[in-house]
Amino acid sequence: MRSWMIGMVLGIVSVGYWPVLPPWQAVILFVGAALVIVFRQSPLTALVAGIGLGCVAGFLHGTSLLHSRITPDCVGLPLTVSGTVSSLPRESLLRGGVPRQRFGFNVADLKPTHCAGPVNLQLSYYGEHRILPGDIWQFEVRLKRPWGLANPGLYNMQEWFARNSIDAVGSVRDSGRVPRLIQHAEGVDALPDRLRQRISAQIDQLGLAPDVTAVLQAVSVADGSGIASSLWFLFQQFGINHLLVISGLHVGMVAAVGYFLGGVCLRLLPPGALRGSWLPSVVALCLACLYGALAGLSLPVQRALCMLACFVCASLAGRKSVAASSLLLAAVCVLLINPLAAVGSGFWLSFGAVAALLWFAQWQRGLGSFWRVLRAQGAMSLIMLPLGALFFGGGSLVSVLANLLMIPLVGWLVVPLTLLAAVCYLCGWEIAATLWRLAAWPLDFLLPLARELGEDRGAWLYMSLSADPALAILGVLSVLLCVLPGRSPLKVLALVMALPVLLPVQLPSGAPSLSTRVTVLDVGQGTAVVVRSGRYALLYDTGGGDPDGVNMGTLAVLPFLQRQGITALDTLVISHPDLDHSAGTAAVRNSLPVSRFRYGGIRADNGEEMPAGRPCVAGEAWRWPGGQTFQFLSPAQELPPRSNDSSCVLQVQVGKYRILLPGDIEAGREKMLARYWGSQLASDWLAAAHHGSKTSSSTPFLKRVQPQVVVISSGYANRFGHPHPDVIERYLNRDTVILSTASSGALDFTIEPGKEIQITAHRQALRRYWM
């Protein structure tokens, strides 16, 4: 039985990492492999059969997913959709106070009919209507394929879209006739989400601190819309961000309450009224399932409910439930429900944590309860270092102490009070507000202290680490070997296995490097270019977003620099103040020391606040020890009337290769540069000015630059229409190789003396069929 289940897990998981799906005829081979078990009964044939059936399940799910995707010819068209709000809307305020509601939408009708096909949409609405789960609406929308940023070693949002079977994403248009509410929710399908929204809204009205409100909403009804990126990172610094996710801890607590209530009911019944003592177990399972539905049935909740169901069924059958078998069966169930669950970190962290705890329990018999808890928590904190290096780029150094404090506090005080308050609120009892305030009291005290400590001693709390899957597996195995009893020689091997994870990503070297790497990061509709050689690094622009909130500096630039072992910048250039180039400036400067800071578009005489650093001025040049030279070609001392034309134009020379970064300059400025610099403007590699806008990439400019390769940094299906077809035609007429971050993800150029430039497109390098 276990062999069959292991095969199922292996088969389903493997399909999620295939670059393409095979033709449907391949299913016959998978089914044939599965039928082997009919003729021979052995663990090996059961394993093969399980793998075959798992591949079939993954293939069928993947085929259905791709079939429902929006077709390219319908991307960006105005479409009219009718259907049901299928999730709890996530509310937020954008820059300028613009409200946004993001929600899942289940399509019942889509027009025009030739675009019909997408069923599950992820929509954003910026109007004043209140969106409620289960309501039936008609919207006019513009849709595009589920897309995400593809950068080396960083999270790709396409993974989340695929795991949640999102067929298209888009925004709601307000055309006057629509949006139109057709019908309020009826029936029980939307009841859990509507209750979640009511409870979340009531917590929001208590007037608590924003961070405290966000935590209570998250641990009660899994509403994470209030969790800011800074709060998530704060919990990550202390290694306790798992407490913000409803998991087996919460489900087990509710099940324990149900078991207790079932036992009380059993004692109150007359003797002989029920045969056996099944009532407490059944009540525990039913109550846990109700809570799971209220909590959104996330992956950890599904895993906990499956394991609990195995335990209850075994108990009712009079058999002993084996924890390892229950965990394996839970994995099969979760993967059958969602075959792409394993492409996300949540699957591995959830099941891996439980598997590790079961392993530790085998070697801690005979110890007291306190020492068992302490050793288990210490081992789990060590395991999170390689896993954190793989999934998050680092790990907490104080997670043992933080978890010893926060797990009992949250698990035994905050969560019970929060859930009890939710029950009281739904029953209409006024004591609910008092219970929520009691749950908030320890958080009101601890969160400000944690923030202060994180700001003052962040380097002592969190270690930046980087690991690929192979290194992460080595690190986990080293911890598992370390907990073996006695003085086993395997423990020495365990320490050696852990070293690659703990060592720096790149050992510092004082010797100049002749190798140069230029990486154009995928930051959507924006620009961020990293030039690095040895211990020297230059960053040109920081991408877009909200300078005071989520931006590409924190989402893409800093994680990439960290993964590359870059701890300081020799030069930071912000071409001009437009947010798609400068939004992450503060985040970068607050995180890394910068030796040279240059910027364009801000002068002392225009009333804007002057940042520390100097404006870039044409003619300024510098050189790295490896021979790489840098020179600004524009602007001069004048302040151009247009912000785009004030962009810092930077030319980089590496050996015989020249690279030109022109920012957002437009045709007029391009012609001036062509006249002034003449043949010196010639460059082998060009970043398309203004993301390929029709106002740039003029013919006189291209005649002087004569690029062999042009890179267009723009967002997929962006609302500006970049790159413009006329610009593409100009480059094609000059036989220029065109590369785009929208289609290729981050682009990496490696330049070494005596060799041709090596180009790596990360979306193609890590291709998955669902991308």
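This is a predicted model: local features need pLDDT of at least 70, side-chain atom pairs count only at pLDDT 80 or more; totals for chains, interfaces and linings use all residues.
Colleague: How do you know at what angle helix α23 runs to β17?

Modeller: Helix α23 (residues 667–677) lies across β17 (629–634) and β18, at about 120° to β17. Contact here means heavy atoms within 4.5 Å. Axes are lines fitted to C-alpha atoms, for helices over the stretch in contact, and angles run from 0 to 180 degrees between N-to-C directions. Helices (H or I, at least four residues) and strands (E, at least two) are DSSP runs, numbered from the N terminus. Residues are numbered from 1 along each chain as its sequence is written, and side-chain values use heavy atoms, without hydrogens and water.

Colleague: What makes β18 and β19 partners, and how do they run?

Modeller: Pairing needs at least two DSSP bridges. Strands β18 (residues 649–654) and β19 (residues 657–661) have 5, so they pair. They run antiparallel. Gln653 stands opposite Arg658 in β19.

Colleague: Why are β16 and β22 at the edges?

Modeller: The open sheet has 7 strands, in the order β16-β17-β18-β19-β20-β21-β22, with mixed pairing. β16 (621–623) and β22 (737–740) each have a single partner strand, so one side of each lacks a neighbour in the sheet. The twist averages 20° from one strand to the next.

Colleague: Why is Leu268 called exposed?

Modeller: Exposed means over 50% relative accessible area, buried under 20%, partly exposed in between (1.4 Å probe, protein chains only). Leu268 has 69%, so Leu268 is exposed. Leu268 is found in helix α9 (residues 248–268).
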